[in-house]
Amino acid sequence: MGRKAVRPAKVFAATAAALLAMGASDGRGADARKGEAAFTRQCALCHTVAKHESNRFGPNLFGILNRRAGSVSGFKYSQAFQSTAQWEWNAETLKAWILGPAHMVPGTTMGVFQGVADRDSDDIIAYLASQK
Ligand code: HEC
């Protein structure tokens with residue numbers, strides 16, 4: 001392939017980690033309040049996020065940051081997800097996932113969702129990070 005491009009995802013991950021460590025918003029980056037609104041619009045159809053809420057079409061996402069993928073109890077993950085998603089959820093893996101679930105895990109049942117806009121993803125991750 002010979003792609004020698006820089007790795008924006010890596011740069012992003014470092015930035016996001018710094019932002020998440022600082023809190024909801026520093027005025028130039030992720031905003032958990034906007035993330036909540038974006039989550040309600042784009043994710044809440046399939047996901048609850050409050051503690052002890054039940055799974056919907058997708059698993060409950062309370063405390064998803066730093067959690068091993070595919071470990072929400074009582075949720076039946078797709079075969080594709082179980083065999084591919086061997087990572088922990090952090091800013092980098094979450095970003096890749098919500099930008100294009102079917103790209104990250106071909107065959108996932110979340111693949112019916114096209115993915116979020118790049119700008120929304122930072123806010124949604126900040127929101128999810130606050131739900132723990
Ligand atoms: C059309 C329904 C649907 C929408 C919309 C949707 N998801 Fe999902 N999501 C799923 C399903 C189904 C799974 C389980 C995937 C599998 O088993 O293949 C999942 C899995 C996940 C996981 C992995 C959870 C784990 O336990 O490892 C995360 C994180 C996630 N979704 C976040 C989001 C976010 C954030 C949004 C909004 C930007 C979103 N999803 C939108 C259906 C959806």
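Q: What makes helix H2 and helix H6 roughly perpendicular to each other?
A: In this predicted model, the axes of H2 (residues 32-42) and H6 (residues 118-130) come within 7 Å and cross at roughly 100 degrees. The label covers 65 to 115 degrees, so H2 and H6 count as roughly perpendicular. Helices here are DSSP runs (H or I, at least four residues), and angles run from 0 to 180 degrees between N-to-C directions of lines fitted to C-alpha atoms over the stretch in contact.

Q: Which residues in H2 meet H6?
A: Ala32, Lys34, Gly35, Glu36, Ala38, Phe39, Arg41 and Gln42 do, and their partners in H6 are Arg119, Asp120, Asp123, Ile124, Ala126, Tyr127 and Leu128. Contact requires heavy atoms within 4.5 Å.

Q: Why is the pair Lys95 and Asp118 called a salt bridge?
A: A side-chain nitrogen of Lys or Arg must lie within 4 Å of a carboxyl oxygen of Asp or Glu. For Lys95 and Asp118 the closest N and O atoms are 3.0 Å apart, so the pair meets that cut-off. It links distant parts of the chain, with Lys95 in helix H4 and Asp118 in helix H6, 23 residues apart. The whole structure has 3 salt bridges.

Q: How do you know which atoms and residues were considered?
A: Residues are numbered from 1 along each chain as its sequence is written, and side-chain values use heavy atoms, leaving out hydrogens and water. Local features need pLDDT of at least 70 and side-chain atom pairs count only at 80 or more, while totals for chains, interfaces and linings use all residues.

Conventions
Helix = DSSP H or I, 4+ residues; strand = E, 2+ residues; numbered from the N terminus. Parallel < 35°, antiparallel > 145°, perpendicular 65-115°, else oblique.
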